[in-house]
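Subject: Structure handover

Hello,

Here is the structure I promised to pass on. Please open it alongside this email, and then read the notes below.

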Amino acid sequence: MSTTPNGLYHAPPVMKQDVYMTLPRQLKQSIPSPTRVPDVVLVAKASAVVPDVTLNDGHKMPALGLGTWLGYNAQGVRERPKASEVQEAVTWALDAGYRHIDTAYIYRVEDQVGRALTDKFKNSNLTRQDIFVTTKLWNDFHGEDQVIPALQESLRNLNLDYVDLYLIHWPVGQYANGTFDARDFVDTWRGMEAAQRAGLTRSIGLSNFNRDQIDRILAVAEIKPAALQVEHKKWASSAGQIPTFTEYAREVAAFAVSFLSVRESLGGLFTPSTLPLIRLTSIRYPIRSQEAINLNLQQPDLVAYCKQKGIVVVGYTPFGSLFYSRAREDAPPPRADDPQLVAIAGKYGKTVPQLALRYLVEIGVVPIPKSVAKERIEQNIDVFDFQLTEEERQVLKSFDRNYRVLPQLKWKDHPYYPF
Ligand SMILES: NC(=O)c1ccc[n+]([C@@H]2O[C@H](COP(=O)([O-])OP(=O)(O)OC[C@H]3O[C@@H](n4cnc5c(N)ncnc54)[C@H](OP(=O)(O)O)[C@@H]3O)[C@@H](O)[C@H]2O)c1
């Protein structure tokens with residue numbers, strides 16, 4: 001990784017190399033004369049080479065990975081995993097050069113990821129050490145002593161002895177019936193540290209935590225988070241680094257309303273002894289302007305903050321609202337047919353989705369695009385053989401609108417809702 005003039009790091013371009021072989025003279029002569037035999041033949045089409053980023057614990061993470069969450073269908077209903085589509089996707093991805101797979105217990109596809117990996121370890125040169133696997137702790141296992149059993153279940157699903165990265169999926173806890181579990185995620189982190197010490201995961205990290213929440217973890221952590229996975233938010237006021245009095249007051253009011261509604265819906269949960277769980281300090285930063293790590297939700301402040309703290313930022317939903325099929329009505333531009341983006345992508349012989357991924361890599365974010373289509377899986381990793389100019393980066397930067405694709409409003413009344 002090298003550093004750009006604005007202080008962010010980016011992966012240098014890596015040229016793909018196909019493998020050619022010069023044909024031995026004897027072999028050429030043995031072929032009947034009307035056939036035109038070239039001197040050099042292509043024997044292996046190279047798969048993409050993805051550079052690594054180094055985590056704060058010394059482990060390496062490939063700078064782009066495959067997402068495996070199937071998302072929502074056009075009606076907004078969660079797609080149910082079919083028998084083998086994710087298994088096929090992971091297999092194609094490994095063939096195309098992906099060495100980083102992102103999954104989660106709640107995606108219900110860990111078993112498919114596991115089958116693809118097991119098959120490759122058996123039938124190719126790939127070994128466990130070649131692949132970086134991330135999975136995530138779901139919200140109903142936030143108790144300190146629940147973390148190891150939850151990870152053990154994921155490992156059984158994945159048919160692995162360890163994962164490379166285990167993340168707390170959300171700071172919000174829930175019980176299995178969906179009601180809020182207001183347990184402090186700091187206790188969950190202690191369970192994560194125990195899981196790492198037990199050798200069940202190489203690294204541990206966070207997902208969907210805001211800055212104040214990260215700071216609370218950093219204040220007590222014996223093992224620092226290695227990574228933060230987010231479609232993330234803006235930390236401070238739009239006017240500057242510190243919220244104005246009006247913004248602060250608005251936050252206090254919003255907090256009071258949400259606290260009262262949570263108390264109403266959870267009845268006896270909020271007793272005088274549990275009240276300290278609700279830390280008023282948590283309202284200091286989260287101004288609810290929305291950002292993500294895609295063109296509409298860029299986070300130079302977050303990326304810089306995490307870089308300063310030695311935390312790698314993994315960007316989910318990296319395409320944001322680029323595709324008409326997925327963009328909500330209120331989603332700001334651009335779409336994949338945006339003339340400026342088409343022109344820049346065309347200059348490098350790339351597509352607009354590839355341009356969006358390349359931009360994220362160059363601002364120091366590790367994108368994890370999801371696809372279950374072979375051609376798009378191959379396309380999405382093919383972003384390490386060109387580099388944008390500063391002017392082109394500025395064009396992509398100009399689409400930042402603090403617009404979040406997945407605000408998860410169903411948890412907005414939870415005391416640890418991060419956005
Ligand atoms: N930590 C968290 O809370 C969290 C939340 C959300 C997601 N994630 C992770 O991040 C991953 C990626 O996020 P995401 O799945 O929400 O969104 P995404 O990767 O931005 O977009 C996926 C969508 O784009 C389509 N697509 C992929 N490549 C394309 C291309 N080159 N051209 C046109 N369409 C393309 C896919 O369709 P096809 O499959 O048909 O190609 C799919 O509909 C997830 O899979 C998951 O692993 C984590």
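The notes below go through the sheet, the helices, the ligand shell and some backbone details.

One point before the rest: this is a predicted model.

**The sheet**

Start with the open sheet of 8 strands. Its order is E7-E8-E9-E10-E13-E14-E15-E16, and the pairing is parallel. Strand E7 (66–67) and strand E16 (365–367) stand at the edges. Each has a single partner strand, so one side of each is left without a neighbour in the sheet. As background, strands of a sheet pair through backbone hydrogen bonds, either parallel or antiparallel.

Now look at the pairing of E10 and E13. Strand E10 covers residues 163–168, and strand E13 covers residues 201–207. The two run parallel and are joined by 5 bridges. Ile 168 stands opposite Leu 206 in E13.

Next, go to E15, residues 312–315. Strand E14 (residues 227–230) pairs with E15 in the parallel sense, over 4 bridges. E15 is also joined to E16, again parallel, by 3 bridges. Leu 228 has Val 313 as its bridge partner in E15. In E16, the bridge partner of Val 313 is Val 365.

Which way do the residues of E15 point? Val 312 and Val 314 point one way, and Val 313 and Gly 315 point the other way. All of these are buried.

**The helices**

Take helix H3 (residues 110–123) to begin with. H2 and H3 pack at an angle of about 40°, and their axes are 7 Å apart. The two are therefore oblique to each other. Their crossing is right-handed.

Then take helix H11 (residues 374–381). H2 and H11 also pack at an angle of about 40°, with axes 9 Å apart. H2 and H11 are therefore oblique to each other. This crossing is right-handed too.

How far is the C-alpha atom of Ala 96 from that of Ile 381? The separation is 7.7 Å, although the two residues are 285 residues apart along the chain. Is Ala 96 buried, partly exposed or exposed? Ala 96 is partly exposed, with 17 other C-beta atoms within 10 Å. A residue needs 20 or more to count as buried.

Helix H10 (residues 352–362) is mostly covered. In H10, 9 of the 11 residues are buried. Among them are Val 352, Pro 353, Leu 355, Arg 358 and Tyr 359. After H10 comes Gly 364, with a positive phi near 90°.

**Around the ligand**

There are 26 residues around the ligand. Which of them come nearest? They are Gly 67, Tyr 316, Phe 319, Lys 370 and Ser 371. By class, the shell has 11 nonpolar, 11 polar and 4 charged residues. Helix H11 gives the most to this shell, with 3 residues.

**Backbone details**

- Asn 208 is in the loop between E13 and helix H6 (211–220). Its phi is near 65°, a positive value in a residue other than glycine. Asn 208 counts as buried, with 26 C-beta neighbours inside 10 Å.
- Thr 317 is in the loop between E15 and H9. Thr 317 is not a glycine either, yet its phi is positive, about 50°. It is buried, with 24 other C-beta atoms within 10 Å.
- Pro 334 is in the loop between strand E15 (312–315) and helix H9 (339–347). The peptide bond from Pro 333 to Pro 334 is cis, with omega near 15°.

Then go to Thr 317, in the loop between E15 and H9. Finish at H11, which gives the most to the shell around the ligand.

Best wishes

Definitions and conventions
Residues numbered from 1 in each chain as written. Predicted model: local features only at pLDDT ≥ 70, side-chain atom pairs only at ≥ 80, totals over all residues. Pairing = 2+ DSSP bridges. Buried ≥ 20, exposed ≤ 12 C-beta atoms within 10 Å, placed from the backbone. Near = placed C-beta within 6 Å. Nonpolar A, V, L, I, M, F, W, Y, C, P; charged D, E, K, R; others polar. Axes fitted to C-alpha atoms, helices over the stretch in contact; angles between N-to-C directions. Parallel < 35°, antiparallel > 145°, perpendicular 65-115°, else oblique. Left-handed = near helix turned anticlockwise from the far one by under 90°.
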